[in-house]
Amino acid sequence: MFEFSSIEQYHQSLQEGNITCAEAVAHYLEQIKKTGRLNAFIEVYEEEALQKARELDNQRRQARPLGKLHGVVIGIKDVLCHKDHLLTASSKILEGFTSIYSATAIERLLTEDAIIIGRLNCDEFAMGSTNENSAYGKVLNALDETRIPGGSSGGSAVAVQAGLCMVSLGSDTGGSVRQPADLCGIVGLKPTYGRISRYGLIAYASSFDQIGIFSKNIPDAALLLEVMAGADDFDSTVSERPVEQYSSSLTENKKYRIAFFNEALDHPSLDPEISKAMKGTLEDLRQKGHNVQPVEFDLLEYIVPAYYVLTTAEASSNLSRYDGIKYGYRTPVATDGLTEFYKETRSKGFGKEVRRRIMLGTFVLSSGYYDAYFTRAQKVRKLLYEKIKLIFNQFDFIFLPTTPAIAFRIGEKMTDPISMYLADIYTVMANLAGIPAISVPLYTHSSGMPFGLQVLSGRFNELSLLRVSNKLMEQYPKQK
Amino acid sequence: MVEKLAHLARLKFNEEEKQEIKSDLQRMISFVEKLNELNLDGVEPLLHLSDEVNVLREDEIKGSVSREEALKNAPLHDGEFIKVPKVIKK
Amino acid sequence: MAVKHIYETVIGLEVHAQLLTKSKLFCGDAIAYGAAPNTHVSPITLAHPGTLPKMNKKAIEFAVKMGLACHCEIEKNNYFARKNYFYPDLPKGYQISQHTTPVCKGGYISIKVNGTERKIRLNRIHMEEDAGKSIHDADDASTCIDLNRAGTPLIEIVSEPDLRSADETYAYLTELRKLLRYLDVCDGNMEEGSLRCDVNISVRREGETRLGTKVEIKNLNSIRNAKRAVEVESKRLVDMIERGETIIQQTRSFDADRSVTIAIRDKEDADDYRYFADPDLTPFLLEDEFIDRIRQSIPALQEERIKKYTGQWQLSEYDSQVLTEEKEIADYFEAIVQHTSNYKAASNWMTGPVRSWLNENNKEIDAFPLSAQKVAELIQLVESGKLSFSSASSRLLPYLIQHPSAQPELAAIEQNLIQQSDASSLEPLIDEVLTKYAEKVQEYKKGKKGVLSLFVGEVMKRSKGKADPKVTNELLLEKLKA
């Protein structure tokens, strides 16, 4: 029986001849079939994956040089362009659309011989935190199928959680990788803004989006980051900074300076169990000699509104290209002129939550309101950016909860968008400031559901972030 | 106002949806009104998050695709042009 | 009797010029006018999901170059914004433009109308990407979209409403086009659409300081049509005022065949473009060093050259103007005078035989088969009396064009074109002629001086055109004195 624990162990098994890539792929294909009701995958590339696996097995037999991700079975969120494959952002408006190029990140994975096994379900256009907003139906949390897996990268989280692939890719604009990772009990990493190229990532909010990684352990996430990160000719916002060898230097024995916010840990919306667990960990770290300090943070109430103003504004513009003209869904109804054509196509093609956000984004950019909302939110962002920078002058990390509660029941939050948005309170900070953040699966709730700890570090400090996360997972292994 | 915004965004809503959107918008607006509590005098708006500047490319020809590839996804085309219902001139 | 008021027409122009870069503003598709539809497109041009723009360095250089040539202030801190609106030939549903933060501000273009020179102030020059093409009349039921042009770099040159007449409009557009071509920033072809002009026009009573309601006339396809549109529209507006009608702000187009403007749409439902800084692009900061480098690369412009031609080389104002209308012609002329100091002759050659050849063969000067040096040699041959201007231009020049490796002097000798200017070879012919036309000689001696040209002509005939007319003339005069 194929069992996966880490890429390193998998590569070792391959080298020792204990398993083959083809066997690994066959195993995952079977698991996917068995767990179809979870609805994590939109499309599975059965033949293609097996074919690739066989080729890689041949390569190994001929002792040819192997890619860093040789035979690694990966699922990718339905927002990542993969040449000659269907791509829909879980939306009707991209029905039947075949991408004619691959995202830079995807190309890098393929160059290192990864096997992409399928396209993963998500909230439409990455807008949502429950994966209930997909044109393909909702995704279920494998640990409790009556509960949400989180979103928007729900499918990607469940795929790793339920052992349907080794690692997966999602996208994180306001927490869409960290939150589902937290609710599903796995690792979810959002890199620094500009660390991984966004070319080929369907844009939701251009100055917030980053491709994120789901994995069972830190070394796997580190390896994937190493392969995908770095400069790219096609993305003007990507960083030119060299990429560190994250995967080979994860051990560190250092005493860290850790900041936390009382405003966060004592927030009325935070489940007291989560608060207690985190406070416990912080105290333990303090005992172990780390410098753990509270920092005043009075911007907590403002960051979610600022986030929604800015992301809906950018999204309203980014989604204008979906017009039924060059590609995607076009209204079959005969329309009286162009304006009607646009309205019919876009209103039928986009789901409710997407239309809602486009409307809000259009509002905050519209003349008369622009300064009051949009510019104001940009100023709040500046304040936050500077504040965070100051904190990282004195501290290595900020520790926060990832999300205020464990996975709630499906359908529970559908009626009130605002309460849903408020659940993003701990995750949006990293996207607003452009810093890297990770959700580390350390805890189990009394309900049996998992929850994690969120660690944030300064810009481009992924190496430290991964090191401390690795240490945390070693020191606090989850009790099953 | 919902009508004006919907038109700008090329969306349409039936009466029921309009009411829903209106109340959603109102809720959202109250939600983001919180930003007015802050004193933002002297704060510059953050326009660009990446710290790169002057990211330019050389004036070179590359990256074009064949017409076939280009039209492959078009809902309606004639092998040369993408086709769209006539623009009505007032 | 009603008193007719005197009206003043106020005009501002918005000109879009396509830059002569090889590739588009934000991606590497080639710029190609007239190419088969949708053959110069990439996923970026098609606005496929996940695509991102990247700025073309050259486009920025061109924009700054034009700004410097127009005496604009160059903005150092630049960025692009998104102008959001929906139209089928706008694939992203927004245009990336610098409308809100132009790279060049202020500045002016000098024009001369009826001897009066005026500086027409500019408001700004900014960069933006062009949209694709919508073709409405190819098909009854559909509009055809060609995205080849989508993403082509443009600069938009906006003037202040300083123009006051159709003539000034014509002069301004002519100067602007000339400048763009001089700088090699745009080829200024209005018929092909690489230069497009929108006219903003209003009228008011003379003396009034407030501007009247303005009307926009779009998409004029020639400088002449822009001029006519101004004439037609200003009359229409004045007539409306005289009739007591209210002018509403609207967009019109010009029907060149019927010489009328037609309303396209009212400006009442002005679009809210919701401009915001494009988060997919970085700011671009222009350093002084960069700006200076661009400044150095600006060639001598027309005004400067005219000064030199008239001042240093004593050419007439008129000749200088003609020679410098196009930079390439001026450059060629200047290359000729590197090898001869007979500026007047060089000027005559340029505006005469060279120009004729270009016109007849419908070519630009870069296709002229002779090097400037060879033309200089022709000038020297004429100057030295070895060749008459007429032989040089109508016989030797065509020969040299046919035989590009031939040397002018040798060819002249071979072709037997060298003038006879020595007295010993000419005198016998002269004697022949004077003998034959003895009666005419008598007439000449009696005062009919016009007969001289007959004698010269006859000598020319007998010499098969090779007699140097000047020398022949002198010798005849001498002989006839006797």
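The model is predicted, so local features need pLDDT of at least 70 and side-chain atom pairs count only at pLDDT 80 or more, while totals for chains, interfaces and linings use all residues. Residues are numbered from 1 along each chain as its sequence is written, chains are lettered from A and ligands numbered from 1 in the order in which they are written, and side-chain values use heavy atoms, with hydrogens and water left out.

**Interfaces of chain A**

- Chain A puts 74 residues in contact with 52 residues of chain B, where contact means heavy atoms within 4.5 Å.
- Between chain A and chain B about 5500 Å² is buried, and carbon and sulfur atoms give 68% of that area; buried area is the accessible area (1.4 Å probe) that two parts lose on being put together, summed over both.
- On the chain A side, the residues that lose the most area to chain B are A:Tyr302, A:Met359 and A:Arg376, together 13% of what that side buries.
- The contact of chain A with chain C takes 39 residues from chain A and 29 residues from chain C.
- About 2800 Å² is buried between chain A and chain C, with 59% given by carbon and sulfur atoms.
- In chain A, the most area to chain C is lost by A:Ser236, A:Ser317 and A:Arg321, together 21% of what that side buries.

**Helix pair in chain A**

- Helix α12 (residues 352–365) and helix α13 (residues 370–394) of chain A have axes that come within 6 Å and cross at roughly 105 degrees.
- The helices are DSSP runs (H or I, at least four residues), numbered from the N terminus.
- Axes are lines fitted to C-alpha atoms over the stretch in contact, and angles run from 0 to 180 degrees between N-to-C directions.
- α12(A) and α13(A) are therefore roughly perpendicular to each other (65 to 115 degrees).
- From α12(A), A:Phe363, A:Val364 and A:Leu365 meet A:Tyr370, A:Tyr373 and A:Phe374 of α13(A).
- The residues of this contact are six nonpolar, no polar and no charged; Ala, Val, Leu, Ile, Met, Phe, Trp, Tyr, Cys and Pro count as nonpolar, Asp, Glu, Lys and Arg as charged, and the others, Gly among them, as polar.

**Chain C**

- Chain C is divided into domain 1 (7–290), domain 2 (300–414) and domain 3 (423–481), with bounds from an automatic or database domain assignment.
- The centres of domain 2 and domain 3 of chain C, taken over C-alpha atoms, are separated by 32 Å.
- C:Leu68 lies in helix α1 (residues 57–69) of chain C and counts as buried at 12% relative accessibility (under 20% relative accessible area, 1.4 Å probe, protein chains only).
- Leaving aside neighbours within four places in sequence, C:Leu68 is in contact with C:Ile74, C:Ile291, C:Ile294, C:Arg295 and C:Ile298.
- C:Leu68 and C:Asp292 are 224 residues apart in sequence, with 9.6 Å from C-alpha to C-alpha.

Terms used
Helices (H or I, at least four residues) and strands (E, at least two) are DSSP runs, numbered from the N terminus. Angles under 35 degrees count as roughly parallel, over 145 as roughly antiparallel, 65 to 115 as roughly perpendicular and the rest as oblique. Buried means under 20% relative accessible area, exposed over 50%, partly exposed in between (1.4 Å probe, protein chains only).
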